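The paragraphs below walk through a structure, taking up helix packing, then a pocket, and lastly some details of the backbone. Please keep the model open while reading.

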Amino acid sequence: MPSIKLKNISKYVCHDVSLEIFDRELLVLLGPNGAGKTTLVNVIAGLTDYKGSVLFDDVPVDGLPASKRGVGYLFQDLILFPHLDVAANIAYGLKAQKRPVSEVEARIDRLLQMMKIKHLSRRYPKHLSGGEKQRVALARALAPSPRVLLLDEPLSSLDAQTAKYLRTGLKQLQRRLGLTTVYVTHDLQEAEEMADRMAILEGGHLEQIARPEEILFYPGNEKVSDFIGAPNILDCDYCHSLGQGVMEVGCGGLSVVVPHDRDSVHRIAFFPRDVYISETRPPGPGVNRFKGTVTGIELADDAVRIELKAGENNLLAEIPHHIFEDMDLAVGKEVFLILKLRRIRVYENRDL
Amino acid sequence: MKRLKQLKLGWGILPVVIFLAIWEIIARLNLIPGQFFFPPFSTVVMEFYYLTANGVLGENFVASLVRVLIGFCAGSVAGIAVGTVMGWRENINKALNPVISLFYPIPALGWLPLLMLWIGINEALPITIVFICSFFPVLYNTVTGIKNVDKDYIQVARTLGASDVKILTTVVMPLALPNIFTGLRLEAGMAWRVIIAAEMVAIPTGIGALMMRAESLIRIDIIIVCLIVLAVMCLSFEKFFTYLEEKATARWR
């Protein structure tokens, strides 16, 4: 399977985007709506004209139309052909390439089995559920044995349960077939689950491309940090194991207990929404409970963001409006913070 | 299930039976002055029998039918062909559309005087009229059908490796079928309305001509027979295309 290189791609919102997708890698394109994710995928597929160059295995494919690029594309709305039954939908690409009938039949049979949809082969798309359509569309995209697989928010129309189930299957399949894959989503959690590497796009610019944990612990700039939820990131000065799968780490004068039990901890991160604030000393043991001082209050649409100083650290907490209104918070006030143990993320590698 | 269907059919026929009965009663009771101009239904049925038996009706009916079939088939095939090209290639659409928009509003019968002089009074005349009557509406419905096919289907087919011709024949045309059939269905009935008018004015044979001769002989019963034949043909042509459309698209729509 090829590696893919984009060189100085410009189209619609996208400006001068360059990135590389390695052989057999699953790269997630992550960004808010209108960031240019679908545009980039269409550029790779050859479905739109563009400035710049696309290379598969260092060979430019800019002159090749979509039908000759050998790309499997799973569209956001799936776009099954309504006038063809499941088997004919899957066969479409093979027949378009004039493969011999016996080969087509064998391949369809194998795909129907692989996707566990053999019983649906004579049904028309209007009689399929969301998850079934999903699998048919994937089988159709895979049928002509593409070199590259492009997935544009393929699970966005499904309920959370089905999406989670299919996500796991999709990842395993991608591994097994060793397909170079680009996966578009605006959902951070989905991206983290799927990605070998993530590329963060915003306003048509590539902000950062890295492994998911790197992006979480080392967001390249403010935009990336904001997009992934502005996590609090603290460097650790020391750490030692407490047993039972937990460790105590020291971060800027705070002693934090984290769910980790290996050699070392380099950084920890937790999201503002996972920081509780209390005006009175919280009950229970003093683990992960700290004193802090309010240094700023920002009223946003969805929640209230509280800036705090705890030890030597500047932290951000996020609380719902109705809780904020019940409290008497003001800049300079001393409060108590509680960190949810299981929500603290740990980064152990020093060598980036 | 079958009984239910029969029952429904029975209910559909009932109003027609009542209508015919009222007609018969009014005519027989002389409720309308000058009974001569208003024959009862039974007389019309008898006349239908005579006209069929002596072959007059059959002969004229076949003449009209052949004209409709040839004109309509040729017009539809041409309409679908040109419509497909126009719907598929935007530059051809841009080139042809202004000219066709100019011709489209002219009613088919409006061409009659011109064609009488150009073609002369022969078999080609009514066929040409039916051709024109079918061509434009089928063309427009085809263009609309082809253009309305979601571009996403075309893009999917492209990524699957299909050529443009393949995409047109295996994706775009099938998805445009419902629209194309709408055009065909409407024009199948319209072809009969137009052929009758043309035969009444310019052609000496056919159902329309038979009606004009009956008029000059003051044979109301023959005129009514012709009208009934016309109604039945319009209806059955339209129903035929409804049936074909069902057959072709009901599975997936």
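For the helix pairs discussed here, an axis is a line fitted to C-alpha atoms over the stretch in contact, and the angle between two axes runs from 0 to 180 degrees between their N-to-C directions. The model to which this is applied is a predicted one.

With that convention in hand, consider helix α3 of chain B, residues 56-88, which packs against helix α9 of chain B, residues 207-216, at an angle of about 135°, the two axes being 7 Å apart. Since angles over 145 degrees count as roughly antiparallel and those from 65 to 115 as roughly perpendicular, the arrangement makes α3(B) oblique to α9(B). On the side of α3(B), the contact is formed by B:V56, B:L57, B:N60, B:F61 and B:S64, while α9(B) contributes B:I207, B:L210 and B:R213. Sorted by class, the residues of this contact comprise five nonpolar, two polar and one charged.

A second pair in chain B joins helix α8, residues 164-201, to helix α10, residues 220-249; their axes come within 9 Å and cross at roughly 170°. The two helices, α8(B) and α10(B), are therefore roughly antiparallel to each other, and their crossing is right-handed. Among the residues that make the contact are B:F181, B:W192 and B:I196 from α8(B), together with B:M233, B:F237 and B:F241 from α10(B). The contact of α8(B) with α10(B) holds 15 nonpolar residues, with three polar and four charged ones besides.

Turning to chain A, where does the largest pocket have its centre, and which residues lie nearest to that centre? They are A:M114, A:M115, A:K116, A:G169 and A:L170, which belong to a lining of 15 residues. The volume of this pocket is about 340 Å³. Helices α4 (130-142) and α5 (160-177) of chain A each supply at least two residues of the lining, and α5(A) gives the most, with seven residues. By class, the lining is made up of nine nonpolar, three polar and three charged residues.

Two loops of chain A deserve a look at the level of the backbone. Most residues other than glycine have a negative phi. A:R24, however, which sits in the loop between β2 (14-21) and β3 (26-30) of chain A, has a positive phi near 65° without being a glycine. Likewise A:L78, also not a glycine, has a positive phi of about 70°, and A:L78 is placed in the loop that runs between β6 (71-74) and α2 (86-96) of chain A.

Conventions
Residues are numbered from 1 along each chain as its sequence is written. Chains are lettered from A and ligands numbered from 1 in the order in which they are written. This is a predicted model: local features need pLDDT of at least 70, side-chain atom pairs count only at pLDDT 80 or more; totals for chains, interfaces and linings use all residues. Side-chain values use heavy atoms; hydrogens and water are left out. On a 1 Å grid over the protein atoms alone, a cavity is a set of points where a 1.4 Å probe fits but cannot get out, and a pocket is an open set with protein on both sides within 12 Å along at least five of seven lines; lining residues have an atom within 4 Å of a point. Grid points are joined across faces, edges and corners, and a volume is the space filled by probe spheres set on the points. Helices (H or I, at least four residues) and strands (E, at least two) are DSSP runs, numbered from the N terminus. Ala, Val, Leu, Ile, Met, Phe, Trp, Tyr, Cys and Pro count as nonpolar, Asp, Glu, Lys and Arg as charged, and the others, Gly among them, as polar. Angles under 35 degrees count as roughly parallel, over 145 as roughly antiparallel, 65 to 115 as roughly perpendicular and the rest as oblique. A crossing is left-handed if the near helix is turned anticlockwise from the far one by less than a right angle, and right-handed if clockwise. Contact means heavy atoms within 4.5 Å.
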